Amino acid sequence: MADTTLWLDCRRTPAEEAARSWAEAAQTVGDMLPPVGDVSSEGRRTAGGTVVAGPVHGPAELRRVMRGLLAGAPATPAPGPRDRAVAVEYSVPAVDALVNAGLDRIGGCEAKAMRFRAGVAGAHLLYDMVRRDLRSPDWARAAARGIPAPYLLWSTAPVAGPDRGAEYAERCLFPGTAVALSPAALRTFVERDAVTGPTALDLVEARRVVGILDWFGIRFDTLVGAKAPATG
């Protein structure tokens, strides 16, 4: 899948079931988000030791996280092992849930037609943002000091079912990123066996979706997090 890593998302899975799923998927996934009490907190660590920042829901939150990562980078390389890798989580279904709620309040056929479009469109835009950001002089200097560049983690849970989780994953297979699926969604994703390459970046369509949402008064650029799961 062209340098896209699959992760197992067990944050809402009982510990025993998570351990079993982790063992079963060992040949398929590269890391696991282990069971935790508070799935919204920042600074979590994966089973492999990666720090997970976020989740972010739009450009404003992404910029804040990226600035914070740069601000925390040491001025000189520290002795010993390099800093841990950092993944910045973007919750695709959480963005859809936020935007869907706004569209439902607006009502009408036009608004209804835009449901479940924002999450994937935002993934395309944020992927492009991070690619450009990491080419900046600030991140070049950080890389020269041995600071690992963060990468995006597309999370696909919670959703109404494994089919939608697998669909989200198929549309977010960008090179150099990771996609986290629940155990059930991972099984569905693997069983489909339909993915032959990376997701093509489509900024034209993503900007079209964001432009329509802006016309409805829903600003993707300033979208701020919510804890409500996606439904429907």
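Biologist: Where does Pro 158 sit?
Modeller: Pro 158 is found in the loop that runs between strand β6 (151-155) and helix α7 (162-170), where helices (H or I, at least four residues) and strands (E, at least two) are DSSP runs numbered from the N terminus. This is a predicted model, in which local features need pLDDT of at least 70 and side-chain atom pairs count only at pLDDT 80 or more, while totals for chains, interfaces and linings use all residues. Residues are numbered from 1 along each chain as its sequence is written, and side-chain values use heavy atoms, with hydrogens and water left out.

Biologist: And the peptide bond from Ala 157 into Pro 158, cis or trans?
Modeller: The bond from Ala 157 to Pro 158 is cis, and its omega is near 0°.

Biologist: What about the bond that joins Gly 54 and Pro 55, what is its omega?
Modeller: Omega is about 10° there, and the peptide bond joining Gly 54 and Pro 55 is cis.

Biologist: Which element holds Pro 55?
Modeller: Pro 55 lies in strand β4, which covers residues 51-56.

Biologist: Which residues does Thr 50 touch?
Modeller: Leaving aside residues up to four places away in sequence, Thr 50 touches Trp 7, Asp 31, Arg 44, Arg 45, Ala 85, Val 86, Ala 87 and Tyr 151, a contact being heavy atoms within 4.5 Å.

Biologist: Changing topic, what is the phi of Phe 116?
Modeller: Phe 116 has a positive phi of about 60°, although Phe 116 is not a glycine. The residue belongs to the loop between α4 (109-112) and α5.

Biologist: Is Phe 116 buried or exposed?
Modeller: Phe 116 is buried, with a relative accessible area of 16%.

Biologist: How far does α5 itself reach from its first C-alpha to its last?
Modeller: Helix α5, made of the 16 residues 118-133, reaches 22 Å between those two atoms, which is close to the 22 Å expected at 1.5 Å a residue; the expected span is 1.5 Å times one less than the number of residues.

Biologist: How many of the residues in α5 are buried?
Modeller: In α5, 13 of the 16 residues are buried, and the helix is therefore described as mostly covered.

Note on methods:
Buried means under 20% relative accessible area, exposed over 50%, partly exposed in between (1.4 Å probe, protein chains only).
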